[in-house]
Amino acid sequence: MEGITKKKLAAYGAGLLVMAFGIVLIKKTDLGVSPISSIPSAAANLTPLTFGRAQTLFQLFCVLLQGLLLRRVTVPLLLQLPLSAAFGWLIDGYMALVPPVPESMLLRGGVCLTGIGCTALGIVLIVGVDMVLPAPDALLRLVSQCSGQPLGRVKLLGDLLWTVCSVLVEWAALGRVLSVGLGTAASALLTGNLVSLLRRVLPSAGEREPHA
C-alpha cells in the first residue's frame, strides 16, 4: 500500500458507503443479487442471519482461504478482518433504512440499475486509493497471482462458482431460487463495463486494475 492520506481515507470510506448502498438497492428489488453477494444472500434466506452478518461471515471465510493459500498471516490480511465486520454493519444499516421497492417491474429495474451503478462507483473509489480490498476481491486477486491466470478469467470463474453454489443450496433447501435472477445477470454484465467507464471519467481513480 502507498502512503495513506486524509484524501485517500475519505475516498475509501466513501467507496465502502456507496458500494454497500448499491448492494442493498439490488437486494431490495428481489430481482437477484450480484454474483459475489449470492452466497451471503442465500445464507440469509436459509438461516436467522441478517444479510449483513452473512456478508461478514462470507468475507471472513474468504480471509481464511487467503491465509491457507499464503500459508502465513500478513498485515493486509489482518486489516480485512475489521473491514469485513464494518461492511456487514453497513449492509444491515442500509437494509433497515432502505424501504421495499414497489412491485412495478419498471421501477424495480431502475432501482437495480442504480444499485449496479453505485456498486461500480464504490469499486472504483476503493481500488483507486490502493488500500485494503474487500476480502472476496482480495481472494480472487490472490488466486490470479498464484495461478498465473488473468484476473478477469478468475473473476468470471469466481462469479460462476458463487452463483452456482447459491442456486444449488437454495433449490435443495427451498425448492426455489431467491438470490439469483435478472439482477444477477445485469450485475455480472454491466458492473465491469461501468467500472471501466468511471475510471476514464474519474482520473483520480488510479491505475490499478479493478475487480468488479
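Leu60 counts as partly exposed, because its relative accessibility is 33%; buried means under 20% relative accessible area, exposed over 50%, and partly exposed in between (1.4 Å probe, protein chains only). The model is predicted, so local features need pLDDT of at least 70 and side-chain atom pairs count only at pLDDT 80 or more, while totals for chains, interfaces and linings use all residues. Residues are numbered from 1 along each chain as its sequence is written, and side-chain values use heavy atoms, with hydrogens and water left out.

Leu60 lies in helix H3, where helices (H or I, at least four residues) and strands (E, at least two) are DSSP runs numbered from the N terminus. Together with Leu49, Leu57, Val73, Leu78 and Leu81, Leu60 forms a nonpolar patch on the surface, and the accessible area of these residues together is about 500 Å². Helix H3 (51-70) and helix H4 (75-97) each contribute at least two residues to the nonpolar patch. Patches are made of residues with over 30% relative accessible area and no salt bridge, with like charges joined within 9 Å and nonpolar side chains (Val, Leu, Ile, Met, Phe, Trp, Tyr) within 5 Å. A salt bridge is a side-chain nitrogen of Lys or Arg within 4 Å of a carboxyl oxygen of Asp or Glu.

The loop between H3 and H4 holds Arg71. Arg71 is not a glycine, yet its phi is positive, at about 60°. Most residues other than glycine have a negative phi. With a relative accessible area of 77%, Arg71 is exposed. Asp30, in the loop between helix H1 (6-28) and H2, also has a positive phi, near 60°, in a residue other than glycine. Asp30 is exposed as well, at a relative accessible area of 61%.

Helix H2 (residues 38-46) contains Ile39, which is partly exposed because its relative accessible area is 25%. Ile39 and Leu161 are separated by 122 residues in sequence, and their C-alpha atoms are 9.7 Å apart in space.

Next comes a helix pair. Helix H5 (residues 105-128) packs with helix H8 (residues 182-201) at an angle of about 45°, and their axes are 8 Å apart. H5 and H8 are therefore oblique to each other; angles under 35 degrees count as roughly parallel, over 145 as roughly antiparallel, 65 to 115 as roughly perpendicular and the rest as oblique. The crossing of this pair, H5 and H8, is right-handed, meaning that the near helix is turned clockwise from the far one by less than a right angle.

Methods: Accessible areas come from the Shrake-Rupley method with a 1.4 Å probe; for residues, only the protein chains shown count as cover. Axes are lines fitted to C-alpha atoms, for helices over the stretch in contact, and angles run from 0 to 180 degrees between N-to-C directions.
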